[in-house]
Every structure is written in structure tokens, then in C-alpha cells.
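Q: I have a protein model open and would like to go through it step by step. Could you help me read it?

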Amino acid sequence: MSVLMRDEAQARAQFLDVQRYTIDLDLTAGEETFDSRTVIQFTALADGDTFVELKPATLRSISLDGHPLDPADLTENRFPLTGLTAGTHELRIDAAMRYSRTGEGMHRFTDPTDDETYVYTQLFMEDVQRVFAAFDQPDLKSVFALTVTAPEGWTVLGNGIARHTGDGRWTIAPTPPVSTYLVAVAAGPWHSVTTEHAGLPFGIHCRRSLAPHLDADADEILDITRACFDRFHEKFDEPYPFDSYDQAFVPEFNAGAMENPGLVTFRDEFIYRSAVTDTERQTRGMVIAHEMAHMWFGDLVTLTWWDDIWLNESFAEYMGYQTLAEATRFTDTWVDFGVARKGWGYDADQRPSTHPVAPDPAAVPDTASAMLNFDGISYAKGASALRQLVAWLGEKDFLAGINTHFARHRFGNATLADFIDNLASATDRDVHAWADQWLRTTGVDTLTPHLTETDTTWSLTVDHHGTRPHRITVGTYDHTIDTQSGPDRLVLRDRFDIGIPQDNATHDGPHEGDATTTRPGRRPALVVLNDNDLTYAKIRLDPDSWHTVLDSLSGIPDALTRAVIWNAARDMVRDGELAPATYLEAARTHLPHETDLALLQGVLAFADTQVAARYVTAEDRPAALATLTALTRDLIRRTEDGTHPGLRLTAVRHFIDAATQPDTIHGWLTDGTVPGGPELDPELRWRILTRLAVLGATDESAIAAELEADPSATGQEGAARCRAALPTAEAKAAAWHAMFTDETLSNYLFTATAQGFWQPEQTDLLTAYVPRYYPDATALAVRRGPAIAEAAGRYAFPAYAIDADSLHLGDQALTDQALIPALRRKLTDQIDDLRRALTVRNNH
């Protein structure tokens with residue numbers, strides 16, 4: 001397949017103006033393909049040549065201005081249009097297109113619960129070509145008018161209001177001018193809940209087998225949708241630009257969600273069929289807010305080329321958290337961002353694959369390279385940069401600049417330069433300099449405090465390793481007498497703001513140019529830089545403050561402050577400055593007293609999936625799991641009164657994952673409940689069975705029986721995960737064959753199998769598979785494309801083979817020119833993480 005080059009897109013944008021696509025899709029042609037007929041009305045602005053993109057199973061016919069063209073001229077995904085004259089033209093294409101099982105193009109899914117079938121589109125980047133022919137680049141916006149023929153009993157959803165005209169025919173209202181990648185169709189026997197808000201039809205949709213679960217949460221989902229919709233209208237002068245707002249929860253979706261105008265698609269794990277915590281509900285709310293923000297930033301105003309993807313994602317990420325906090329009951333969203341999301345950005349920014357939030361255009365020469373930038377930098381770091389910008393600029397001027405941006409570019413395209421110019425128009429501050437310092441640079445700054453004191457004052461100097469200026473809040477805390485049991489309590493003495501100057505030097509200790517301030521009184525017991533987490537930097541503690549933290553972390557009154565400190569500890573572990581065992585002991589001491597659920601979940605996740613699984617040696621893993629078991633047992637005991645169901649559920653999940661002996665969790669599975677609750681729902685049952693499989697304490701007959709009781713799509717994934725986790729040579733061979741040989745394995749079943757395959761307890765059994773991974777994954781990626789390549793790099797990588805030989809194999813694999821970009825990027829990141837884990841082990 002030919003990827004689109006930036007210079008080709010620029011030339012085509014200067015050559016063409018596209019007015020309208022009229023698209024007719026027939027979804028009744030069979031299980032393998034669907035029919036796609038497209039009429040494109042466009043204007044050539046000069047005489048010349050161009051091309052249109054499509055990836056058909058069969059190209060039946062193509063004509064230009066009524067004259068037939070030869071379908072055999074299609075080369076890979078491009079059909080040449082030569083000898084065009086200046087003026088208007090009409091291109092007609094009739095093709096059969098393939099359904100997908102990988103979440104790309106038109107994905108087809110049959111629900112094993114009731115055998116109902118659903119299809120939906122995911123056309124991001126360049127997958128529109130899998131559904132209809134297009135001039136496929138974001139700055140050739142057009143009107144799209146779709147008709148769809150679907151089986152009887154199906155409902156069709158689209159970017160606009162869809163009307164059934166009889167005989168399975170549906171007409172979707174034409175869109176305003178939008179980019180090709182934003183066109184959306186979802187069809188099937190959906191279960192729908194509809195309402196109206198602000199004069200517009202709103203709907204939420206899922207497959208029928210999930211209907212009771214959607215109904216249970218419909219009020220919450222719609223309340224959040226309405227609240228965010230209203231809040232965005234308070235922030236933005238431009239009203240919502242489309243004719244309806246549907247949210248479809250679709251199966252086997254690769255992303256969290258996709259911001260198709262008028263029809264947002266979400267992965268249907270957000271329709272909870274098992275118990276979840278309030279933090280997980282908050283995450284769903286954030287994604288709803290995030291995708292709605294895209295209606296303005298991404299859909300109304302769209303990037304010109306993919307180097308500016310941060311204009312879409314950083315903005316939506318920032319607005320998702322901020323607006324949810326302002327408009328709903330989830331007022332502490334930034335705690336979750338700090339502990340669960342921000343580390344994604346920090347990690348990505350310290351790998352060889354790092355890039356600026358706004359990369360140089362030359363670094364994104366084509367669509368393949370652009371796809372690699374959908375990472376923690378474009379999302380979490382970009383949102384952190386915007387949060388720092390708002391703290392520096394003020395929200396009033398920030399929103400004024402945003403509204404100018406919308407007004408100047410509505411239904412058009414814009415670049416970073418446009419965005420910065422529009423922000424600058426609303427303030428006297430030098431926004432262009434800020435953009436150069438924050439958006440054009442890579443890496444994470446580190447801020448380290450140095451304290452001195454006299455009899456009457458104390459002084460703080462902040463040692464700055466990095467390239468960016470920062471505006472931060474410093475929090476100071478003192479011990480307080482508290483008769484309750486548990487860690488010492490701390491009380492806030494003061495919070496004050498300081499500016500950290502830009503510094504390109506690397507040095508030890510304070511020097512001229514570092515930020516220094518002197519305060520009255522004795523030095524506090526604890527000094528926390530970036531106390532309200534408004535900047536993006538790694539934070540360190542002075543030795544006395546670190547000693548206070550080890551004794552009193554859970555006694556700090558503000559959850560956001562605790563999140564900043566837990567992140568500092570996380571970074572210190574990754575940087576080899578804090579022993580993994582010390583981190584686990586801090587968790588053991590303080591998490592039983594933690595009241596913030598997001599913090600508890602974030603810290604336990606890092607302790608489990610990174611510290612105990614990768615950063616401690618194989619010999620030390622049993623002790624690490626024993627610490628986690630003792631910690632989670634304490635949490636389970638603490639929550640016996642039923643007052644903290646989310647804490648209890650989190651503790652139960654991690655108790656299962658840390659189990660080294662099967663008896664307790666096997667008893668829970670047999671009884672169908674944890675003593676004192678909760679009763680085991682499908683998620684917990686599959687979680688226990690997976691852990692029993694890892695421990696060799698279950699077998700195929702038990703897995704088959706569980707699948708018979710839960711034959712749902714999630715049950716199918718659970719069974720695949722369990723079977724791959726069994727510690728037998730036969731099970732591993734079968735799982736490997738399924739992943740790397742079975743061309744029909746869906747994206748979700750591939751992921752589930754990969755998740756079960758590699759286990760820290762089974763390194764001896766799996767050693768022979770480590771050298772097989774690289775050639776097999778490379779060949780798989782070439783055959784099955786970017787989505788499966790990404791899954792193979794993320795989930796099927798031998799993450800627990802942490803030794804010098806594995807690192808050498810990985811480094812060698814990166815020299816293979818056959819690696820497609822999606823897999824190369826994943827392997828680059830994974831091998832760097834492997835190198836870091838090996839360094840941490842060697843240091844401790």
C-alpha cells in the first residue's frame with residue numbers, strides 16, 4: 001500500500017476543491033464483503049494529474065465525467081486521474097469492499113451471545129479507503145451524503161440524522177464540510193435509548209446482549225453528556241455544529257473512542273456488565289467529555305496535516321478532565337490524571353522515540369509516521385502543557401483565544417501557527433515564545449528542592465535540570481498531633497507560587513539563576529514542589545521531606561498532593577534512585593489508609609504490573625507478591641463494613657492477581673463470592689480463573705465449563721486468556737499458533753491470547769519463545785497490518801524476559817528493515833523499557 005506523503009497532500013490540496021461525496025453502501029451482500037458506490041463532485045483548479053484512494057476487494061467500475069476508466073489501472077490503493085482540465089468533474093466508483101476483523105475500515109462482529117451481527121466504521125488516518133473511494137487527507141473537507149441498505153431489523157446510525165425509507169434503506173442527512181476520516185456509519189440491531197436536549201436528538205446505543213447494562217447506566221451517561229454539552233456552550237461562542245449527538249458503544253474497538261461528528265463510537269467495555277469502581281465511571285465520563293470537546297477542536301476546526309495531531313488530542317484531553325470536573329459530580333478528575341495518565345506522558349518522553357508535542361513538519365512526512373504520534377506525548381504531555389499554559393495565561397484569555405480560533409477557521413483547517421496566533425491575539429504575553437519552549441522541545445525537566453534555615457527563616461532553592469520555564473505552587477506542611485492510629489497527620493502551613501527560569505545546563509546543586517525564596521519561621525516538615533500538579537516535570541524531595549513522606553504520606557490532607565508525591569516515587573523507581581522494595585513498603589504502609597480511589601488504583605497498578613512483575617528480580621518476586629497480598633488483605637479487612645465498595649473491589653482484584661497459592665481464590669470461585677462480598681460477577685470469575693491457570697491450578701475442563709456459563713464475547717476473551725496462561729507446553733504451542741498463524745483471529749481475541757501467554761512465573765517454560773517472537777511478529781505485521789502489529793508489539797512482547805540476552809535479541813530485531821512502522825515504534829519502546837527494567841534490577 002502507498003502511504004500518503006505530506007508533499008503529495010499539499011500539492012493535491014492546491015489542485016483540488018472537493019464539494020460533495022454521495023455514497024451508497026449495501027450491507028446485505030454477504031459476510032465477507034459489502035458494496036460501495038461513490039460519486040465525488042470536485043473541481044480541478046488547474047490542468048493536471050492527481051489520484052484517488054481506495055482499497056477494494058473488487059473494483060467493478062470507475063468513470064470520470066461519464067467516461068469509463070480501466071479498473072486495472074488501480075495500483076495498490078491509488079487510482080490515477082490523468083489529464084484533468086480546470087473545472088468541475090464527477091468521479092463514479094463501484095466496488096466490493098472487505099469487512100474487517102481488526103477494527104479497521106468496516107469492522108464486522110457477530111455476538112456469540114445471540115448470534116446478532118453488527119458493523120461499524122473506524123476510518124481514522126487512512127482507513128476510509130477500506131469503505132469508499134476518497135481524496136483522503138484532512139484538508140480536503142467536503143459534504144458527505146450517505147445512503148445505506150441494511151438487513152431488515154437493523155438500525156443505521158451516521159454523522160447526521162438517519163431516516164428509514166423502507167426495504168432496509170436508510171438515508172443519512174448530509175454533513176457540513178468535514179474531513180474524510182470523520183465519516184461514520186454503525187449498523188445492526190442496536191438497543192437504543194433516545195432523548196432530546198437543547199433542541200437536538202441525543203441517543204446512546206449498544207448491542208442487544210448488553211441492553212440491561214446500558215439501561216442501568218443510561219441516566220448517568222446521558223446526564224454527563226448533557227452537563228458537558230451545556231458547559232461547552234458556556235465556554236465556546238460557536239454552538240455545537242452538527243444536527244444530532246449519538247454515542248454508540250461498539251464491539252472490538254481498538255481505541256477508547258472516536259470523535260466522529262454526530263456519532264461518537266466507544267469501545268463497549270464502557271457498558272459495564274460487572275461491578276466497577278467510581279474511578280472507572282469517572283474515566284468513562286472523561287472519555288465522553290473528551291470526545292465531545294473534539295466536536296469543536298478536531299471536527300469543526302481540523303488540523304491541516306498530521307504533524308498537528310496534538311491540536312486535536314491535547315486539547316480534548318485537557319478539556320475532558322477540566323470540563324468533567326466543572327460540570328459533574330466527578331470534581332477530582334485531576335487526581336486521576338496525575339496518577340494514572342501523566343506517567344504515560346513521562347514514560348513516552350524519556351524513550352528514544354520521544355518527539356515534541358508539536359513535531360517539526362519534516363518529522364511527519366507521511367501518514368505512517370503520523371500514526372506513531374498517537375501516544376502519551378500527544379495526549380498526556382500535551383494536556384499538561386495546556387494546563388500550564390492556562391495557569392500562566394489565565395483561563396479568560398485562553399478561552400478568548402480559543403473562540404477566536406473557532407471563528408476564524410470554522411469548518412476549515414488550521415495549523416499550529418494559526419492556533420498560536422489566535423491565542424496571542426487575546427493576551428499581551430509572549431505565547432509564541434511559550435510555544436517554542438513547551439511544544440517544540442522534548443524530554444522531562446526535573447525540579448529538585450534544596451533547603452537551608454536560620455533561627456528565624458528558611459530558604460528554598462529549586463535546582464532545575466531542563467529546558468522550560470515553569471510556574472508552580474509550593475506546598476509546605478507541618479506535623480500535627482493526632483490521636484488516631486496510623487501514620488502521622490500533616491497540616492498545610494502555606495502554599496505559594498514561584499517561577500522557575502529556563503535552564504539548559506546540567507549541574508549539581510543550586511546555582512545562580514535557580515529559583516530561590518526565603519520564608520519566615522522554621523523549615524517545614526515537608527516541602528512539595530508543584531503541589532497542585534499544574535506543570536509537567538519530574539519532582540524530587542529534599543532528604544528531610546522524603547523521610548517525612550515515608551512516615552506520613554497518607555497523612556497529607558490533599559489527594560492531589562499525595563498524587564504528586566506518589567508520582568515522584570514512581571519516577572525515582574524507574575530512574576534507579578529508589579529501590580523497588582522501598583516503593584512496595586511505602587505502599588504497604590500507606591495504601592491501607594488511603595481514601596482516594598484513583599490514587600489507590602494507580603499506585604496498586606504500578607506496584608503490581610511494573611514493580612512486582614518487572615523491576616524486582618525473579619528471586620525477589622515472591623516477597624513482592626507477599627507484600628501486595630498483605631496490603632490487599634488489610635484493605636479487604638478495612639472495607640468489611642461495606643462503606644467503601646470501590647476500595648474493596650480494587651483490593652479483591654489485586655489480591656487475586658498477587659496470589660501465589662490457589663486455595664483462597666479457588667474457594668472464592670467455588671463459593672461464588674468473597675466472604676463479606678462482593679459476589680463474583682463474570683469479570684471476577686474470569687480474573688480468578690486466569691490466575692489459577694497461571695498457577696497450574698485449573699485445566700481445560702474448568703475453562704470450558706466457565707465459557708459455557710458465560711458464552712459472551714467477553715467470555716470468549718476470558719477463555720482465550722486462560723487457555724494461553726496454562727503452564728503446559730501444549731497450551732503455549734496452541735496459543736502461539738493462534739496468535740501468529742490464525743489469520744481470522746480478531747483484534748480482541750489476539751489481545752486476550754497475548755495477555756495470557758507471557759507470565760512472570762513461567763519464564764523457564766517460555767524461554768524458547770523469546771527468539772521466535774521477533775521474526776514471527778515481523779511477518780504477522782506485514783500480513784495483517786498496523787492494528788494487529790500494534791497489538792503484537794504491545795501485548796505479545798516478551799515483557800518478562802528481563803536479561804541481557806533478551807535485550808540483545810531486541811536490539812538486533814530493530815535492525816530488521818522488514819519491520820513496518822507501527823511495529824518498529826512499539827518494539828523501540830518495549831526494548832527501551834526492557835533496558836530500564838534491567839538497569840533497575842542491576843542497581844538494586
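A: Let us begin with one term: a residue is called buried when its relative accessible area is under 20%. By that cut-off strand S3 (residues 48-53) is mostly covered, as five of its six residues are buried. Please note that this is a predicted model.

Q: Which strand is joined to S3, and by how many bridges?
A: Strand S6 (residues 78-84) is joined to S3 by five bridges, and the two run antiparallel. Within this pairing, Gly48 has Leu84 of S6 as its bridge partner.

Q: Let me step back. How many helices and strands are there in the chain?
A: The chain contains 27 helices and 28 strands.

Q: And what radius of gyration does the chain have, against that of a compact globule?
A: A compact globule of 844 residues would have a radius of gyration near 28 Å; the chain has 27 Å, so the value agrees with that expectation. Along its principal axes, the C-alpha trace spans about 90 × 70 × 55 Å.

Q: What share of the residues is buried?
A: Buried residues account for 61% of the 844 residues. The accessible surface of the chain comes to about 30400 Å², and 50% of it belongs to carbon and sulfur atoms.

Q: What share of the contacts comes from residues 24 or more positions apart?
A: Among contacts with a separation of 6 or more, 73% are between residues 24 or more positions apart.

Q: Back to strands. Where does S2 lie, and how many of its residues are buried?
A: Strand S2 covers residues 33-44, and nine of its 12 residues are buried. Strand S1 (residues 16-26) is joined to S2 by 10 bridges, with the two strands antiparallel. One of the bridge pairs there is Asp17 with Thr43 of S2.

Q: What is found between S1 and S2?
A: The two strands form a hairpin with six residues between them, and Gly30 in that hairpin takes a positive phi near 135 degrees.

Q: How many bridges does S2 share with S7?
A: S2 and S7 pair over 12 bridges in the antiparallel sense. Thr38, for instance, has Ile93 of S7 as its bridge partner.

Q: In which sense do S16 and S17 pair?
A: Strand S16 (residues 200-206) and strand S17 (residues 245-250) pair in the parallel sense, over four bridges. Phe202 has Tyr245 of S17 as its bridge partner.

Q: New topic: how many salt bridges does the structure hold?
A: The structure holds 67 salt bridges. One of them joins the side chains of Glu252 and Arg101, at 3.8 Å from N to O. Glu252 lies in the loop between S17 and S18 and Arg101 in the loop between strand S7 (87-98) and strand S8 (105-110), so the pair ties together parts that are 151 residues apart in sequence.

Q: Is Glu252 buried or exposed?
A: Glu252 counts as buried because its relative accessibility is 5%. Arg101, by contrast, is partly exposed, with a relative accessible area of 36%.

Q: What about Arg523 and Asp544?
A: Their side chains meet in a salt bridge at 3.3 Å, N to O. Arg523 is in the loop between S26 and strand S27 (526-528), while Asp544 is in helix H11 (residues 543-552), and the two are 21 residues apart. Arg523 is buried at 17%, whereas Asp544 is partly exposed at 46%.

Q: Which residues are linked in a network of salt bridges?
A: Asp24, Asp35, Arg37, Arg60, Asp94 and Arg169 are linked in such a network.

Q: Last, a helix. What span should H15 have?
A: Helix H15 (residues 621-638) has 18 residues, so at 1.5 Å a residue it should span 26 Å; its end C-alpha atoms are 26 Å apart, which agrees.

Q: And what covers the buried residues of H15?
A: The buried residues include Leu625, Leu628 and Ile636. Their cover includes helix H13 (580-590), helix H14 (597-615), helix H16 (645-658), helix H17 (663-671) and helix H18 (682-694).

Methods
Residues are numbered from 1 along each chain as its sequence is written. This is a predicted model: local features need pLDDT of at least 70, side-chain atom pairs count only at pLDDT 80 or more; totals for chains, interfaces and linings use all residues. Side-chain values use heavy atoms; hydrogens and water are left out. The expected span of a helix is 1.5 Å times one less than its number of residues. Buried means under 20% relative accessible area, exposed over 50%, partly exposed in between (1.4 Å probe, protein chains only). Contact means heavy atoms within 4.5 Å. Two strands pair if DSSP finds at least two bridges between them. The radius of gyration is taken over C-alpha atoms; the globule rule is 2.2 Å times the number of residues to the power 0.38. Accessible areas come from the Shrake-Rupley method with a 1.4 Å probe; for residues, only the protein chains shown count as cover. A salt bridge is a side-chain nitrogen of Lys or Arg within 4 Å of a carboxyl oxygen of Asp or Glu.
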